[in-house]
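We'll start with one residue and then step back to the whole chain.

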Amino acid sequence: MKSSGMCFGVLVTAGLLVVGAGLPLGIEASGDATPDGDQNAALKAFAQTNPIDVHIHLYKDDPAFGVLMQRLQLRGLDICVLDDRDPDFNNLERQRSEVLKVRQITGGRAAFCTTFSPYDFEKPGFSERAIRQLDSDFAAGAVAVKIYKVMGMEMKSKAGKWVMPDDPAFEPIYKYIAAHNRTVVAHLAEPDSCWQPPNPASPDYDYYKKHPGEYAYAHPEWPSKAAILAARDHLVAENPTLRVVGAHLGSMETDVDQMAQRFDRYPNFAVDTAARVPYLMIQPRDKVRAFLIKYQDRVLYGTDLGVLPRDDTRKALEEWSSTYARDWKFFATDQSVEYMGHTYKGLALPQPVLAKIFHDNAVHWFPGILGAGQ
Ligand SMILES: [Zn+2]
């Protein structure tokens, strides 16, 4: 959500939709060869890992989501995000209360990831105010703090300078988060295609068509992607005791070598797969497989699935089920997975690696995600 991401769900869901009278909650798989049976078998295997999706935006407190999460043995990190350009995402109070309601109706399966407003960073007392807010969110059980691409792609100082994620104004906040053993979820920069001319073959083509205000190619005055990632790397290096999980493959989606380089350099850095699984499909299979095995402690499963209060629950449940089934097939089996008219063979990762990507790494990188008494 709020990245080139939601378009994936829509595209890949087509053709996988569960047909039938009831909600697609059942995973009592018959194992038959129909598309439904296939999906149910994948969801059943997925559920056996006690999966944790570390990147969801579930803002609708419909008990049906709790039922789905229970059936799939699923937990999630429910992420607040602030963007003053978007009326659905410009109010942290509202989002926080939605996320806390969702946590309640899911019996704690959806954990709370808060954020803070970076916009008034030049006002006196900025970091103290942000820290006071985080303090109360931590007391309410927040396990992580999101920072967002408005740093580097939207915010400017009064002097007209682009504000980067390693701006000294944010440093006391990062120190505070590290000292309280919470984790930063860093959605910084965007896919390479955000800086490139429109290309209908790109996974992100539809997103930037719908969100021209977030399309860097149309704003040549914005900082380069390399400059934003350098600022992100600097913040990771300057805060070695702060765990940073780079959302969306850390915006290094086109080549796993870029991630490997950072993992070798920064032991406090990991990534989630949210909305970028197709980028793993389109890279050479053997290379991606070897990367995931080598860095099996540094990649966390996430989707970016999002539900606003006004969204249709049934449609959302179908999308969640088909996304989890597709992703499981891709990571865990050697079956074919379709994406944008192409067929890709699943990675068939070894069971211990799947256990880490779908569960163990989330527990390690987000202490508290399993709730009290963990
Ligand atoms: Zn997101």
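## One tyrosine up close

Tyr208 is buried, with a relative accessible area of 4% (buried means under 20%, exposed over 50%, partly exposed in between, using a 1.4 Å probe and protein chains only). Tyr208 sits in helix α8, residues 205-210. Its side chain makes a polar contact of 2.7 Å with the side chain of Glu190; that term covers a pair of N or O atoms within 3.5 Å, where within protein one must be able to donate a hydrogen and the other to accept it, and residues adjacent in sequence count only if both atoms are side-chain atoms.

## Where the model comes from

This is a predicted model, so local features need pLDDT of at least 70 and side-chain atom pairs pLDDT 80 or more, while totals for chains, interfaces and linings use all residues. Residues are numbered from 1 along each chain as its sequence is written, and side-chain values use heavy atoms, leaving out hydrogens and water.

## The whole chain

Zooming out, the chain has 15 helices and 11 strands (DSSP runs numbered from the N terminus: H or I of at least four residues for helices, E of at least two for strands). Its C-alpha trace spans about 65 × 45 × 35 Å along the principal axes.

Buried residues make up 57% of the 374 in the chain. Among contacts (heavy atoms within 4.5 Å) with a separation of 6 or more, 73% are between residues 24 or more positions apart.
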